[in-house]
Amino acid sequence: MMYPEDILTDDTYDFLNIERPVAAPLYQTSLFTFPTVQSLREALGDERSTHLYSRGNNPTVEQVEKRLALLEGGECAKLFSSGVAAIASAILSNVKQDDHIICSTDAYTWAKYISGTYLKRFGITVTFVDTTNLEAVEQAITKQTKVIYLESPGTLMLRVQDLRKLAALARTHGITTIVDNTWATPIYQNPLQFGIDLVVHSASKYIGGHSDIIGGVVVGSKERVDHIFKTEFLPIGHVPDPFQAWLIQRGMRTLHVRLDYHYQSALKVCDFLYDHAAVEQVYYPMHPKSPYYALASSQMSGGSGLLSVRLKSSNRDKIEQAVDSMKMFRLGVSWGGYESLVFPTLATKEGESSILRLHIGLEHTETILEDLDHAFSLLKETV
Ligand SMILES: *Cc1c(COP(=O)(O)O)cnc(C)c1O
């Protein structure tokens, strides 16, 4: 009888260093072993910078983190099992009992839940503020304010916040700023350049880019990210799997090419929508007709494929029929992958009936436009 250890020796892995593979090696391992007690002891004393156990560090994960930090223009990055885990950890690492945070009314639903509902259990208070209004933010600041949480462009309406001014305001009060940069991606916006302290992303969207993983990342100074590693990442354990990290890295290699296509296609869709009789308003900050265009283009060098549209009609049945008739746009949450998606807010309990969120995918733009043209033609008679 041959046992696995008889045929698998340590030097089986050495070929990785010799052959220089173009795809990164996948270290799908939970633990690392040591040649001596002394080297094990040293690793136990420094889990942040050694390989001991994959709840802390893993070489595949670290490689993705290094690339994400470079792309975002930050010193250091930490990958998480989800975007929400990254958001929660970034916020939690900066607050304690009796503190106060300011959260944008435009933030992602679960970021608002963490700020407004979850943190209440620990005696932390929140003020939700329209963060496009600098004065309102300034008025909401108290001596206890430790975090200003932003998302620009914001969820659904894609409203743009002045990140330079907000960062400067927060700095004068010693408050940490966090920005969700998922929409623009690190290709088109780098909030750390504007003086923002921490950037968070859902890697489940464009960074992964293929609708096949859930992941998140926090980027910032080494000091801040090391602090998150120690106080939230290691103890709470929302760890990315090495294979998940490997897929994120694969997605990142085409991020710039995909984004350019999403951007160009989205602009053409906006042109179509602005001219359409069934459309009341288009929400896409990187279109020259958007009221946010000047500010948006001072902060971002491009846009992604996600936009919203307000229809003139508020006839729920007609809108539902039009959405159901779409072929290219599939109905679903999330975005950032290959496929075009539609999310009508009338699918939610409290949502307005006339708003559709569209993800413009990587399909042929003409086919996308034909699909929209057909669906929206069903709305014309209700205008
Ligand atoms: C999806 C999303 C998140 C949450 O990320 P998950 O990876 O789903 O946990 C956070 N912010 C924005 C803007 C998102 O779109």
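Tutor: Happy to! Let's begin at the ligand, which is surrounded by 14 residues, the closest being Val84, Asp180, Ser202, Ser204 and Lys205. Please keep in mind that this is a predicted model.

Several polar atoms can be picked out around the ligand. A polar side-chain atom of Ser204 lies 2.5 Å from a ligand oxygen. Ser202 also takes part through its side chain, where an N or O atom is 2.8 Å from an oxygen atom of the ligand. With Gly83 the backbone is involved: one of its polar backbone atoms is 2.9 Å from a ligand oxygen.

Now let's step back to see the chain around this site. The protein chain is divided into domain 1, residues 4–252, and domain 2, residues 255–382. The C-alpha centres of these two domains lie 29 Å apart. Where they meet, 32 residues of domain 1 are in contact with 36 residues of domain 2.

How much area is buried between domain 1 and domain 2? The figure is about 2,700 Å², and carbon and sulfur atoms give 62% of it. On the domain 1 side, Trp183, Tyr188 and Tyr206 lose the most area to domain 2; together they account for 33% of what that side buries.

What about pairings across this interface? The rule finds zero salt bridges between domain 1 and domain 2, but it does find 14 residue pairs in polar contact, with both residues at pLDDT 80 or more. On the side of domain 1 that touches domain 2, the elements giving two or more residues are helix H8 (163–172), helix H9 (185–188) and helix H11 (242–252). H9 provides the largest share of that side, with four residues. By type, the residues of this side of domain 1 divide into 16 nonpolar, twelve polar and four charged.

Salt bridges do turn up elsewhere. Side chains of opposite charge can pair when their charged atoms come close. A search of the whole structure finds eleven salt bridges. One of them joins Lys78 and Glu65, whose closest N and O atoms are 2.3 Å apart. Lys78 lies in strand E1 (residues 76–80) and Glu65 in helix H4 (residues 59–72), so this pair ties together parts that are 13 residues apart in sequence.

How values were computed. Residues are numbered from 1 along each chain as its sequence is written. This is a predicted model: local features need pLDDT of at least 70, side-chain atom pairs count only at pLDDT 80 or more; totals for chains, interfaces and linings use all residues. Side-chain values use heavy atoms; hydrogens and water are left out. Domain bounds come from an automatic or database domain assignment. Contact means heavy atoms within 4.5 Å. Buried area is the accessible area (1.4 Å probe) that two parts lose on being put together, summed over both. A salt bridge is a side-chain nitrogen of Lys or Arg within 4 Å of a carboxyl oxygen of Asp or Glu. A polar contact is a pair of N or O atoms within 3.5 Å; within protein, one must be able to donate a hydrogen and the other to accept it, and residues adjacent in sequence count only if both atoms are side-chain atoms. Ala, Val, Leu, Ile, Met, Phe, Trp, Tyr, Cys and Pro count as nonpolar, Asp, Glu, Lys and Arg as charged, and the others, Gly among them, as polar. A residue is near a molecule or strand if one of its heavy atoms lies within 4 Å of it.
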